[in-house]
Amino acid sequence: MTIAPQRLARPASITDRFLQGLVSRVQGSAAPPWPLTEVYTGEVLVDLPQSTPTDIERAFAAARAAQVEWAARPLRARLEVFKRAHTIFLDNAHLTTDLIQVESGKNRRMAIEETCDPVMVMSHYLKRAPKLLAPVKRGGPVPFLTTSTEIRQPKGVVAIIAPWNFPFATGISDAISALMAGNAIVLKPDNKTALSPLHGIAMLEEAGLPKGLFQVVCGEGPDVGPTLIDNANYVMFTGSTATGRVIGERAGRNLIGCCLELGGKNPMLVLEDADLDDVVQGAIFGAFGNTGQICMHIERMYLPESRYEEFKAKFVAATEALDVRAAYDFGPDLGSLVSPDHVERVKAHVDDAVAKGATVLTGGRPRPDLGPAFFEPTILEGVTTEMLCGVTETFGPVVALHPYRTVDEAVALANDTDYGLNASVWGGDVEAAAAVGRRIESGNVNINDILATAFASKGTPSGGVKQSGVGARHGDQGLLKYTDVQNLAVLKKQVMGARPGQDYDAYVKGMLGGLRMMRRTRIR
Ligand code: NAD
């Protein structure tokens with residue numbers, strides 16, 4: 001059954017007063033404001049303030065002032081905020097889900113899963129931060145007389161630039177470890193999806209985060225990006241490879257660090273002994289989860305020739321059974337794309353493939369009858385590297401099927417890309433599948449899963465290789481990247497270096513002999 005979008009009732013929580021309260025947190029005075037719309041209907045929800053360079057500088061000044069007091073608090077006191085926030089975030093999960101849905105158009109199952117990400121990140125770093133941020137005593141060059149201590153100092157103010165596909169997760173989760181480490185944040189969300197991160201900040205403040213420490217500026221990327229990067233001590237960026245290059249160049253010129261989490265063209269390899277029913281279920285999520293707008297989702301599938309036709313029939317049937325529509329309940333399997341502009345991009349990729357000889361096995365069309373930004377889940381066959389969707393990220397519910405003859409050929413095809421974000425390998429023999437996984441040039445590889453196992457393993461760094469990124473989130477480096485190392489060295493008594501008038505031969509002999517002795521005794 002299809003529900004006409006104009007008859008869709010907005011969630012009761014999404015009141016004008018609530019939305020006005022959220023957007024009042026943005027440092028913004030530029031005219032005109034951005035009309036932030038409800039994706040399912042295209043109706044304006046609220047006018048989002050836009051930030052001028054002066055607004056951005058004001059946001060940094062306020063963040064910098066708040067950061068000094070925050071960093072001076074003992075780590076234990078900082079972590080208390082996140083213990084309380086963990087509960088508040090879970091208590092508010094349905095309200096956050098409402099916001100994510102109205103601004104992104106994704107289905108409710110995906111939206112509520114997104115609300116779990118910051119909670120998992122908080123939980124991991126609440127356990128791990130005390131160890132990572134504790135001073136580490138190392139030996140100095142002269143035993144007993146010297147020490148060197150590794151001290152983790154916060155960078156200062158971290159700029160976070162977030163995309164629209166997981167606005168709450170990318171806007172809030174990446175801030176958590178930075179805040180725990182003693183930094184302040186200036187976040188630039190995508191204009192389309194600023195509401196859920198603003199709500200996340202309100203919840204953090206309810207948990208006790210000092211006001212002013214977590215600032216938000218809004219605007220089109222090229223307008224606000226330069227001032228943002230020029231004022232930051234570190235940049236955490238999630239978005240496309242093209243924009244990542246611009247951000248990385250500017251950060252490099254300013255000699256500040258940056259972490260770039262970029263796009264993918266992720267392959268799924270199915271081995272001969274895989275359970276095809278599991279593979280079909282996995283492929284449905286891999287290709288169409290979040291309406292194909294997950295950076296780690298699957299756009300290329302490689303199947304053994306012997307099982308290609310069987311898989312194709314099952315996958316097409318399962319795709320055609322999907323419930324695609326606008327709803328604020330848990331019913332639909334798929335929601336909308338994020339915007340009518342994005343429909344045009346996805347359609348252009350499909351049209352280009354068809355014009356160059358690809359076959360549409362199912363789907364392939366926009367669905368304006370369901371809402372302004374709906375697109376059918378689409379399976380293509382015969383895609384080549386001459387086609388847009390054969391080489392660049394489509395970022396929509398479009399997947400291409402390819403048969404292969406040998407595993408070596410499948411691995412070579414999987415690696416024949418500039419990207420390296422995620423890969424998925426399916427097989428009955430898990431060890432054999434893992435051995436194939438190790439041969440894939442990808443920052444994340446999931447065996448018998450699409451992406452969740454890797455992404456939810458918060459103790460392991462997750463990032464892209466090749467053109468899919470620089471650095472990683474999660475794991476120890478997901479927190480340590482937001483710190484500078486200070487080497488605090490102590491010499492208890494001045495014994496190093498030759499004294500004026502000292503016999504230089506004796507000094508050199510003593511020094512070299514000392515090094516020999518330390519090596520022999522393994523002291524240094
Ligand atoms: P995008 O690069 O167009 O925009 C991302 C963010 O950067 C937005 O907030 C945008 O306003 C801002 N921006 C754009 N130009 C800028 C500039 N010159 N200076 C500063 N900021 C600028 O990407 P998108 O289309 O919004 O997001 C989708 C992309 O993000 C896809 O490629 C997807 O794969 C990628 N992504 C990657 C990950 C990951 O973890 N690797 C996660 C989510 C999304």
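Two strands are taken to pair if DSSP finds at least two bridges between them. In this predicted model, strand S8, covering residues 234–238, meets that condition with strand S9, covering residues 257–261, and the two run in the parallel sense over five bridges. Within this pair, Phe-237 has Leu-260 of S9 as its bridge partner. Strands of a sheet pair through backbone hydrogen bonds, either parallel or antiparallel.

The two strands belong to an open sheet of six strands, whose order is S7-S6-S5-S8-S9-S17 and whose pairing is mixed. At the edges of this sheet stand strand S7 (214–216) and strand S17 (469–470), each of which pairs on one side only.

Stepping back to the whole chain, the secondary structure amounts to 18 helices and 18 strands. The radius of gyration is 26 Å, close to the 24 Å that the globule rule gives for 524 residues, and the chain is therefore as compact as a globular protein of that length. Taken along the principal axes, the box filled by the C-alpha atoms is roughly 90 × 60 × 40 Å.

Of the 524 residues in the chain, 55% are buried, and among the contacts between residues at least 6 apart in sequence, 74% join residues at least 24 apart. The accessible surface comes to about 21900 Å², with 55% of that area belonging to carbon and sulfur atoms. As for charge, the chain carries 54 positive and 58 negative side chains, and the centres of these two sets lie 13 Å apart.

Technical notes:
Residues numbered from 1 in each chain as written. Predicted model: local features only at pLDDT ≥ 70, side-chain atom pairs only at ≥ 80, totals over all residues. Heavy atoms only, no water. Helix = DSSP H or I, 4+ residues; strand = E, 2+ residues; numbered from the N terminus. Rg over C-alpha atoms; globule rule 2.2 N^0.38 Å. Buried < 20%, exposed > 50% of the residue type's maximum accessible area, 1.4 Å probe, protein only. Contact = heavy atoms within 4.5 Å. Areas by Shrake-Rupley, 256 points an atom, 1.4 Å probe, with all protein chains shown as cover. Lys, Arg positive; Asp, Glu negative; His and termini not counted. Charge placed at Lys NZ, Arg CZ, Asp CG, Glu CD.
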